[in-house]
Amino acid sequence: MRLRAVLFDMDGTLLDTAPDFIAVAQAMRIARGLEPVPDQQIRDVVSGGARAMVLGAFDVDPMSEEFEALRLEFLARYQEHCAVHSRLYDGMAELLDEIERSNLRWGVVTNKPLRFAEPIMQQLGLASRSAVLVCPDHVANSKPDPEPMILACKQLDLDPSAVLFVGDDLRDIESGRAAGSRTAAVRYGYIHPQDNPSNWGADVVVDHPLDLRQVLDSALCSC
């Protein structure tokens, strides 16, 4: 079936949001009189969420009350500063322009809560362009469950086979495949050093957003 839409994971695929996460974690350390940790130490665990990033920034027992207090503070600070340094990845603006010129729709399917995802999309001027934004708030089960992808396709009124889902995590590829969509894994996102996108079973693996142009050209020509 001919491609009709492209859906993106948000963090590490559409957007480089790590700088805001890093800034929050480092600010929390400075507030406690601690030296900053290497930024890469936090960037490497962004895909693990707030829990992983707090553990990456602080030497703390994850079962302790101290950890939970740090996690809640991290989320509160991030909600206030979630769209300060976040940006489209290099080449992504051009890719989105090409998608729109090809009369395709695009959107976002993310495990990022709506209270964070929505203001980021608005701040970066993407909310009015995106055809759909699906967050955990909208479904009972998040990725890797196919439910978010199925909901996005339903909102687009498209068969999943007409949709390409692009992500930087195994759960993105598993969600897309289970929903019946075509999938693309990216190597430029928040991938753990020991992980390998080539092993995720995606239809294609790319190194840069603009590498997806060839994928789109091929998909647009298929029937």
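**Figure 1. Overall dimensions of the predicted chain.** The chain has a radius of gyration of 18 Å, which agrees with the value near 17 Å that a compact globule of 223 residues would have; the radius is taken over C-alpha atoms, and the globule rule is 2.2 Å times the number of residues to the power 0.38. Along its principal axes, the C-alpha trace spans about 60 × 35 × 30 Å. This is a predicted model, in which local features need pLDDT of at least 70 and side-chain atom pairs count only at pLDDT 80 or more, while totals for chains, interfaces and linings use all residues. Residues are numbered from 1 along each chain as its sequence is written, and side-chain values use heavy atoms, with hydrogens and water left out.

**Figure 2. Burial and contacts in the chain.** Of the 223 residues, 47% count as buried, that is, under 20% relative accessible area with a 1.4 Å probe, protein chains only. Among contacts (heavy atoms within 4.5 Å) between residues at least 6 apart in sequence, 64% join residues at least 24 apart.

**Figure 3. The open sheet of 6 strands.** The secondary structure comes to 9 helices and 8 strands, which are DSSP runs of H or I over at least four residues and of E over at least two, respectively, numbered from the N terminus. In the order β5-β4-β1-β6-β7-β8, 6 strands form an open sheet with parallel pairing. Its edge strands, β5 (133-134) and β8 (204-206), each pair on one side only; two strands pair if DSSP finds at least two bridges between them.

**Figure 4. Close-up of strands β6 and β7.** Residues 163-167 (β6) and residues 182-186 (β7) pair in the parallel sense over 4 bridges. Opposite V166 stands A184 in β7.

Key:
Buried means under 20% relative accessible area, exposed over 50%, partly exposed in between (1.4 Å probe, protein chains only).
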